[in-house]
Amino acid sequence: MTTRTTDTGKAARGTWPLARVLRDRNAGLYLAGVVVSGFGSSALGLAAGVWVKDLTGSDGLAALCLLALWAPTLAGPALGTIADRVRRKPLLLAANLLPAGLLLTLFAVDSPGALWLLFAVLSLYGVAGVVQDAAESALVAAAVDPGLLGDFNGLRMTANEGMKLVAPLAGAGLYAAYGGPSVAALDAATFVLATGLYAALRVREAAPEPPPVNWRRQTAEGARHLWGHPGLRPLVLAGGVTMLCAGVGGATLYAVVDNLGRSPAYAGVLYAVQGAGSVAVGIISGPALRRLGPRRFGAAGIALFAAAVAVRAVPSDAVVWASSAAVGLGLPTVLIAALTAVQRETPGPLLGRVSATANSLVFAPNVLGLAAGAALVETVRLWLLLPALGAVLLGTATALARRPTDRRTPSPA
């Protein structure tokens, strides 16, 4: 069992969320670790595809880099069980140090024949990421003041999106100057630095009790808790539908750019506008969650996302810019709401596998949506496809908003 050893007390209402989080020592350390490791991961995510493209000239093999990173999400429920069988802080440290060591082996990748090593490292990198997320989610719920969870998760989203605005460019520049191994070394260094930050967390953990059931049944317990909880199930399902639609919509990006009469590079501008919206919603999410509750907050964001997607087919730069900003504002809300609700409503001994299962149910549909969108964008016109996506999203928001009043009382973690 994990217990929180720092106590900020009840922060004063009306204080800026960033200040409230940074006043909590553990929350500040977590946030710093997210920023550092997120920078390295975002830099490598772009550079790996470019690296494969340069070595082989194949767009398909370059795309496999993302698949290698995302595929372990499908095993999230089983991998998340690890976080409930061992102490979470040592596991979090190990999940950062393992990819740091693996990344250094990429100095051996200098020809197409060595690409198997790159894909193997990326796959293990993805596995470590799933375990890291499960351990982090469980530790955050115990180490951070419960009143700051919404603010922390929002600011975590802000940190991740902020890194996506700057890190890929930094990674591309480093790759162009010194090659792929230099980006791998940068990412390894960020993991080591993040490990140091996580090691400074003040938490006391007792060794978990030996599980009374085998691994498969223990994994199933997390899924049963998630599915049987009337507050968590609708949020996670809404998140999965939203990310499915986000995947389909994301596959239409270059068609939208073409509809504007712009070059493909213009997509980078729209990404930046969307990222700016995501940074903004992360800052306001804590107060909004306290005022609206997870379901209404998530439903409002999905409704905004629905409107943004529906109007994106309009061949107007101003409309598409506004749509991109609204996507950035609306899309993260249900993700923040679902994660915060899982942390508040799940008992500590179950939290690792429940959070990993929730992540799989929310994020795996995005991969399916990208694949479906790639096929649909070739056969369905934008003016029909995007409003249809908006209608599905609006129905999802309506169903979520009609649920009973949010359960606000957190379970003991």
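User: Let's start with Asp133. Which helix does Asp133 lie in?

Analyst: Asp133 is part of helix 6. Keep in mind that this is a predicted model.

User: What is Asp133 in contact with, leaving aside neighbours within four places in sequence?

Analyst: With those neighbours left out, Asp133 is in contact with Arg156 and Asn359. There's also a C-alpha separation of 8.4 Å between Asp133 and Leu92, which sit 41 residues apart along the chain.

User: How many residues of helix 6 are buried?

Analyst: 22 of its 29 residues are buried, so helix 6 is largely enclosed by the rest of the structure.

User: And how far apart are the end C-alpha atoms of helix 6?

Analyst: They are 40 Å apart, which agrees with the 42 Å that 29 residues should span at 1.5 Å a residue.

User: Switching to charges. How many salt bridges does the structure hold?

Analyst: Seven. One of them pairs the side chains of Glu136 and Arg156, at 2.6 Å from N to O. That pair links distant parts of the chain, with Glu136 in helix 6 (residues 115-143) and Arg156 in helix 7 (residues 149-178), 20 residues apart.

User: Glu136 first: buried or exposed?

Analyst: Buried, with a relative accessible area of 4%.

User: And why does Arg156 count the way it does?

Analyst: Arg156 counts as buried because its relative accessibility is 18%, and the cut-off for buried is under 20%.

User: Take me through Asp84. What's the distance between the closest N and O atoms in its salt bridge with Arg88?

Analyst: For Arg88 and Asp84 the closest N and O atoms are 2.7 Å apart. Both residues are buried.

User: What about the salt bridge from Arg353 to Asp84, how far apart are the closest N and O atoms there?

Analyst: 2.6 Å. Arg353 belongs to helix 15 (residues 351-379) and Asp84 to the loop between helix 4 (76-80) and helix 5 (88-103), so this pair ties together parts that are 269 residues apart in sequence.

User: How accessible are Arg353 and Asp84?

Analyst: Arg353 counts as buried at 4% relative accessibility, and Asp84 is buried with a relative accessible area of 7%.

User: New topic: the surface. Which residues form the nonpolar patch?

Analyst: Leu64, Leu66, Leu67, Trp70 and Val367, which together have about 410 Å² of accessible area.

User: Where does the largest share of the nonpolar patch come from?

Analyst: From helix 3 (residues 59-70), with four residues. Trp70 is found in helix 3, and at 32% relative accessibility Trp70 counts as partly exposed.

User: Last one, Gln343. Where does Gln343 lie, and is Gln343 buried or exposed?

Analyst: Gln343 sits in helix 14 (residues 317-345). Gln343 is buried, with a relative accessible area of 3%.

User: And what is Gln343 in contact with, again leaving aside neighbours within four places in sequence?

Analyst: Setting those neighbours aside, the contacts of Gln343 are Ser137, Val140, Ala141, Leu149, Asn153 and Leu351.

Methods
Residues numbered from 1 in each chain as written. Predicted model: local features only at pLDDT ≥ 70, side-chain atom pairs only at ≥ 80, totals over all residues. Heavy atoms only, no water. Helix = DSSP H or I, 4+ residues; strand = E, 2+ residues; numbered from the N terminus. Buried < 20%, exposed > 50% of the residue type's maximum accessible area, 1.4 Å probe, protein only. Contact = heavy atoms within 4.5 Å. Salt bridge = Lys/Arg side-chain N within 4 Å of Asp/Glu carboxyl O. Expected span 1.5 Å × (residues − 1). Patch = residues over 30% accessible without salt bridge, like charges linked within 9 Å, V, L, I, M, F, W, Y side chains within 5 Å. Areas by Shrake-Rupley, 256 points an atom, 1.4 Å probe, with all protein chains shown as cover.
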